Amino acid sequence: MKLSEIERHYLKHKEELRLQRRHGIVEFTVTMRMLTRYLHEGCRIIDIGAGCGRYTFALRDMGYEVDAVELVQRNIDVMKDQDPTVNVRKADARQLDFIADETYDVALLFGPMYHLMNDEDKLKALSEAARVTKRGGTVLVAYLMNEYSIVSYCFAENRMADLMRNGFVDKEFHVQTPEGELYDYIRLEDADRLNAAAGMKRITVFSPDGPTDYMRVTLNRMTEENFQLFIDYVASIAERTDVIGAAAHIVDVLKKDK
């Protein structure tokens, strides 16, 4: 993926606004509830693909030492505008050679996998996150889900037949993202394959948004009381394997062996 394409995307779709809207608030809140399970006093965290720093700042405010890596200069500028002292470096998730092995207790890989189109590049990013994480540490990896794309962008936009004829969706209804696109979508078996190649073991996998992305308009009509209950509901089903695959996102929680 050319940097210029990603830069243009994030100039148009401002990442700092996404997690402030109700669908993004659900994703952020549930992720933070799950993430805190794997934090401990003195925990050192690396936020790889930090976007505009929503998790970086939240975790830092909780007292943790957090370093950030981000590819898009515009997002880095937004972070620096919020706090010039934030420790963020411009870099590609696939090449973190400026970070020593086993530096961090927890690594977050919440954005890069969306934009990496093939197993080779995804494995590079996952392996780098694992390398900079201490033995016994935790790596949390976010992905966009295949079925969400199939329902929301293929069938809902009445494009499925054409996409299948052109090879963008295979006969098993698995998205075949071509190079040059901005987003890639996976199924759980794809994440399993990457984990095995990287030598990582899954602790759990959860969806931080559940049905949220299908309900954006409905969420905006909810009272605040019902919206808070909806967040509790999504958190309560976050690890249910019978519904994870239909969500927009999953977060794979992985352990680096001691």
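Leaving aside its neighbours within four places in sequence, which residues is valine 106 in contact with? In this predicted model, where residues are numbered from 1 along each chain as its sequence is written, local features need pLDDT of at least 70, side-chain atom pairs count only at pLDDT 80 or more, and totals for chains, interfaces and linings use all residues. Side-chain values use heavy atoms, with hydrogens and water left out. Valine 106 touches Leu35, Tyr38, Leu39, Cys43, Arg44, Ile45, Ile46, Thr138 and Leu140, contact meaning heavy atoms within 4.5 Å.

Val106 also turns up among the residues with the most contacts inside the largest nonpolar core, which has 39 residues. Such a core is a set of buried Ala, Val, Leu, Ile, Met, Phe, Trp, Tyr and Cys residues joined through side-chain atoms within 4.5 Å; buried means under 20% relative accessible area, exposed over 50%, and partly exposed in between (1.4 Å probe, protein chains only). Helix H3 (22-35) gives the most to this core, with six residues. Helices (H or I, at least four residues) and strands (E, at least two) are DSSP runs, numbered from the N terminus. Apart from this core lies another, of 29 residues, including Val69 and Met200.

Now for helix H10 (residues 188-198), where Asp190, Ala191, Leu194 and Asn195 are buried. Seen down the axis, the buried residues of H10 fall within an arc of 135 degrees, so they line one face of the helix; the arc is that of the directions from the helix axis to the C-beta atoms. They pack against helix H7 (119-131), E5, strand E6 (201-206) and E7. The face turned away from the buried side of H10 carries exposed Ala196 and Ala197.
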